[in-house]
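Here are my notes on the model, for your review. Please read them with the structure open.

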Amino acid sequence: MSIIYDSATGQYSLHTKNYSYIMQEREGFLLHLYWGKKTFGDCTYMFREQGRAAFSPRMENCDGFILDDIPLEYPCWGRADMRTPALEMTNPDGSVIVDLRVVGRRIVQGKQGIKGLPAIYCENENECETLVVEMLDSVSNIKVELYYCVLEDYDIITRYARIINNGEATVYIDAAASAAVDFDRIDYDVISNFGTHCRERNIERAPLNHGRFIMSSRRGASSHVHNPFLIMTSRGADEVSGDAYGFVLVYSGNFTAEIAANQFDTARAVVGLNPDGFRWELASGEEFTTPECVMSYSSVGLDTLSYNFSRVFRERLCRGKYRDVRRPVLLNSWEACYFGFDSDRLIKIGDSCAELGIELMVIDDGWFGKRNDDHSSLGDWFVNEEKMPGGIKRISDHLNAKGVKLGIWFEPEMISPNSELYRAHPDWCLHYENRPRSEGRYQLILDLTRKDVCDYIYESVAKILREGGISYVKWDFNRNMSEAGSPLLGSNKQREVEFRYYLGLYSVLERLNQEFPEVLFESCSGGGGRFDAGMLYYMPQVWTSDNSDAIERLKIQYGTSLVYPMSAMSAHVSASPNHQTAHVTPFDTRFTVALTGSFGYELDPTALSEEEQKKVRDTAALYKEIGDVLAKGRYHRLRDPHNEPCSAWCTVSEDKSVCIAGYVLTHVRLYGNNERIALRGLDPDALYKERFTGATYRGDQLMNFGLHAPTTLEFHSILWILEKID
Ligand code: DGJ
């Protein structure tokens, strides 16, 4: 049993394999007591009322709690807690108060899905238990159910809230977080991420200071700028030691991930929908459910925290036939020819793929409408017959006969003002009447709050897929939202548009998943602008960044690996010099870096020298051989490219029989170096043989001393494949 409620003490104990999360009911409040290494017994003593009033009122006649100084599970705005709330509402009388007290609870086996939203799932009921704490504001009759799902073996707890208006009139939700956790100290480090297009998920680490530290998005997408995850560690924690707490939101739109150190040296984390710009009208009898927040804790540093998240995301968030296997080796046409292709060129590229052992060719942007550059045609999802006489079918038939599958690019959420669709439906985009419509990359965003628009998108994609011959879809999204209005919704609901947009998008994606279970979907948003757990529910891989430079990718993939599985990160060997940075990088390094993700090529195979062709052939074959280990094995970060002149990592198979390790020197070292890479996660007593050199090592040697990395040339790399022989 992973969830225990003790009615005598009012204590709720949630136990995963390696940690406990403990709460207690007192005077109707749901208090947070503990989150850390596994702990049992009566934890009542952990709550310490210190009487630190300091201008903060007590509840009811100076006898009750100083709400501002007690650790609460789902803090609400309006009474005397003046820290960041999880829930803020406006009542019919205009009062801004929610005062929730526990009125009931239930513990159920298994885990339900969340209607309309992506969520972690269980494969059988025994994997998970769910606690639902029922809370009520007895004045407004607002009921809130707090859901805690414990995936014991995964060391994961998920949280979300369901808000039900049992009152007689309409209320407004002004903020509704998925999770809040109060900590009784502030001596933590915050590990945050920031980025931009082509430079996603850089990692920063700083001590938690007083005040609010917020990573958020109000861009209508989880975005390149901040990814919806937050990590806190004890000071000095590293990959293998110290406390690490993590929160990841399963949502693709506007979010907030906040950690604040407050006046009494306590800290509060709040993660969920971004309250800025949000307001939800909740009529009598209606309910609202927040997205899910996935939480984990490790007492042994970041490596294990990352493992917990990546494991649950790969195995219990991603779905479909590609979930547990290496993905097909693909070649994407974008950097091979951009918009400059026709059927003959694609067929030539496809023929090269067949010769080189590439399993899937993707036709990227430019096959539809009149699209010869990015100024037109989004929305016109019919084949450009001028470029592609005979349509997609001609190409898929040709390729399929040679054993190469075909993939295709869409950007279904968008509409070009210069398109047949826009001329027919100028009201189908997000907009406010009588306001200009700002274009990004010459495009507007369709209004996915509308069912007719969602149906159009669905049918446009489904029609092409129904024709057959397509095994893969790259689903792109190339701008953020502005003027995000939907006139049909009416004036009271304009602040609901962004969330309703994602409900619309998720419904389309769900339908496509159901109708086309054989198709591999890859999410993309100018690379990694929507690399989030929400999208992973529908698409098990994401184009990690439009920056395909191997050296730049080291940082991007490192940052992404903090919470997401390597199998979700698409990584391609691109041309050298690189198209974004002009870096000249050896093929082997480009391969070694791409190998860690879902693997492919982003280059023109018809322009390769014979030597390069051989390299492609050999590397495609090698990936096919070891790809399952890379997809399912445990990934370890060994060197940090943000702070060190090199990068290194290894992936170890579940049974510890194979270890694939990589090292890249990112900054030149004159006079050699003493670098050695100590591996992690091996069997200490086993003997391993390195494939390329034939050298043998014991597991403990590889982990305690490591392997010499004598490379001195900038951008050069080493790949080791170690196989257990005894
Ligand atoms: C942005 C993507 O990230 C690229 O890979 C490519 O698909 C372009 N869009 C096409 O317009």
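The points below cover the pocket, then the aromatic contacts.

1. Basis. The model is predicted: local features need pLDDT of at least 70, side-chain atom pairs count only at pLDDT 80 or more, and totals for chains, interfaces and linings use all residues. Residues are numbered from 1 along each chain as its sequence is written, and side-chain values use heavy atoms, without hydrogens or water.

2. The largest pocket has a volume of about 660 Å³. A pocket here is an open set of points on a 1 Å grid where a 1.4 Å probe fits, with protein on both sides within 12 Å along at least five of seven lines; lining residues have an atom within 4 Å of a point. The volume is the space filled by probe spheres set on the points. Of its 27 lining residues, Leu33, Asp182, Phe183, Asp184 and Arg185 are the closest to the centre.

3. Lining. Strand β4 (29–37) gives the largest share, five residues. Strands are DSSP E runs of at least two residues.

4. Ring pair. The whole structure holds 44 aromatic pairs, with ring centres within 6.5 Å. Phe183 and Tyr245 have centres 5.1 Å apart and planes at 80°, so they count as edge-to-face (over 60 degrees). Phe183 is in β10 and Tyr245 in β15, so the pair ties together parts 62 residues apart in sequence. Both Phe183 and Tyr245 are buried, meaning under 20% relative accessible area with a 1.4 Å probe, protein chains only.

5. Charge over ring. The charged end of Arg319 sits over the ring of Tyr537, 3.6 Å from its centre. The cut-offs are CZ of Arg within 6 Å of the ring centre and within 35 degrees of the ring normal.

Key:
Helix = DSSP H or I, 4+ residues; strand = E, 2+ residues; numbered from the N terminus. Phe/Tyr/Trp six-rings, centres within 6.5 Å; stacked < 30°, edge-to-face > 60°. Buried < 20%, exposed > 50% of the residue type's maximum accessible area, 1.4 Å probe, protein only.
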